[in-house]
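This report describes selected structural features of one protein model. Please consult the sequence and the structure while reading.

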Amino acid sequence: MRKRNKRRMSKGMKWSLLVAIVLVALTVYVLMCCFSSQRQMRNSVVVVQSNVWYSVGTGANKVVYFAQSLHDSTFLAPCTTPKALIETPHFTSGFWANKLALLPTSSGRVVTAIPDVAAYKDTLPSDAITMTQKTLTKLTTQTKQLKREIKETDYYIKVHGVQDEGYNAVATYAQTLRTRLKEAQNVQQRLALLLKEKSLRVLRHTRYTVLVDGKALPTRCLHEDQQWGLCLLQTTDRQTPWHANALSALPWDMSAAGEMRVASVPGLDLTPLSAVKDSAMIWVANVETDGRLRMHTTLGQAGSPVFSSWGRFIGMYNGRGIVPRNIIAQMLWNEK
């Protein structure tokens, strides 16, 4: 009987010890995932470069590209090739994220903000025909102005010699005007052809790149949430840098009030980008009475992760307010 009791006590102690070890390990793991140090906050941040442009047309040579729509219902910077638009990048912050809460399942996933969220909602017009017509009318006025300026520069070149001061500058400007006029006329021709189509499609094109340690990592867009201005990216090689700290978005909301911590790379709105240090910093901010977190773009950009004063991950700043972490978690689960 004594031996049996000893065996039972021995087994009970083993199970109790095992449960205690598991509980301690689980507690430590949860604390590590739910609370972030300043170093972990900084290491979660990444710089995201996006190139955004739009197209209207039906394909082939019947297409015009533009930067965005203006308030007067016309296209900004319409052109026949998107090259110049692609070469104009936008920079936002972002952060590495785990797909499953409390588990290291990043696989190169990055959460960021859709660039120019406010303008994006008004950029895909329901009446593309009207916008095309208005843009064509606007271009007609611009081409007339360009022709007048070319006529004036031609007159200057005719009556002045190469030895005159400013001659070379005027000659170079005249060539620029001719290039602009030719492109405007080409766009006019395409817009005129588009107006003969029964239906037009306006599409947004976005190319994302993650900048890490001076390297540009190509990514693909997995999911976009237009309501919250969220975008889920993943590096094409599905790799997360060894020093990156991936944040876990828990499935329940957390109150965002009072003093917050925002992690971001300062100066992303500066030009050139080489002037910006590739390291994140922590900024103190307060949620205002209307529930919005307002920060100067030099300090905290859209896409910056937001933490409580205790280092608990709360959500993401989308340029207007804080997107709760449960919304981010839902986007991670619903990725395609």
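The model is predicted: local features need pLDDT of at least 70, side-chain atom pairs count only at pLDDT 80 or more, and totals for chains, interfaces and linings use all residues. Residues are numbered from 1 along each chain as its sequence is written, and side-chain values use heavy atoms, with hydrogens and water left out.

Helices (H or I, at least four residues) and strands (E, at least two) are DSSP runs, numbered from the N terminus. The table sets out the spans of two helices; the expected span is 1.5 Å times one less than the number of residues.

| Helix | Residues | Number of residues | First to last C-alpha | Expected span |
|---|---|---|---|---|
| H5 | 128-159 | 32 residues | 46 Å | 46 Å |
| H6 | 167-194 | 28 residues | 41 Å | 40 Å |

In both cases the span is close to the expected value. Buried means under 20% relative accessible area, exposed over 50%, and partly exposed in between (1.4 Å probe, protein chains only). The buried residues of H5 include Met131, Thr135, Leu139, Thr143, Leu146 and Ile150. In H6, those buried include Ala174, Leu177, Leu181, Ala184, Gln188 and Arg190. An α-helix has 3.6 residues a turn, so residues three or four places apart point the same way.

**Nonpolar cores**

A nonpolar core is a set of buried Ala, Val, Leu, Ile, Met, Phe, Trp, Tyr and Cys residues joined through side-chain atoms within 4.5 Å. The largest has 28 residues, and Phe95, Val111, Leu230, Phe313, Met316, Ile328 and Leu332 have the most contacts inside it. At least two residues of this core come from each of strands S1 (45-59), S5 (90-98), S6 (109-113), S9 (230-235) and S14 (313-317) and from helix H7 (325-333). H7 gives the most, with five residues. A second, separate core of 16 residues includes Met131, Ala184, Leu194 and Val202.

Contact means heavy atoms within 4.5 Å. Not counting residues up to four places away in sequence, Phe95 touches several residues, among them Val111, Leu247, Phe313, Met316 and Ile328.

Two strands pair if DSSP finds at least two bridges between them. S9 pairs with S6 in the antiparallel sense over five bridges, and Arg109 stands opposite Gln234. Strand S8 (residues 215-225) also runs antiparallel to S9, joined by six bridges, with Asp225 opposite Leu230. S8 and S9 form a hairpin with four residues between them, and Gly229 in the turn has a positive phi of about 70°.

**Cysteines and Arg204**

A disulfide is a pair of cysteine sulfur atoms within 2.5 Å. The whole structure contains zero disulfides. Cys221 is in none, and its nearest cysteine sulfur, that of Cys231, is 3.6 Å away. Cys221 counts as partly exposed at 36% relative accessibility, while Cys231 counts as buried at 0%.

Arg204 lies in strand S7 (residues 201-212) and is buried, with a relative accessible area of 19%. A polar contact is a pair of N or O atoms within 3.5 Å; within protein, one must be able to donate a hydrogen and the other to accept it, and residues adjacent in sequence count only if both atoms are side-chain atoms. The side chain of Arg204 makes such contacts with the side chains of Thr206 (2.7 Å) and Glu224 (2.6 Å).
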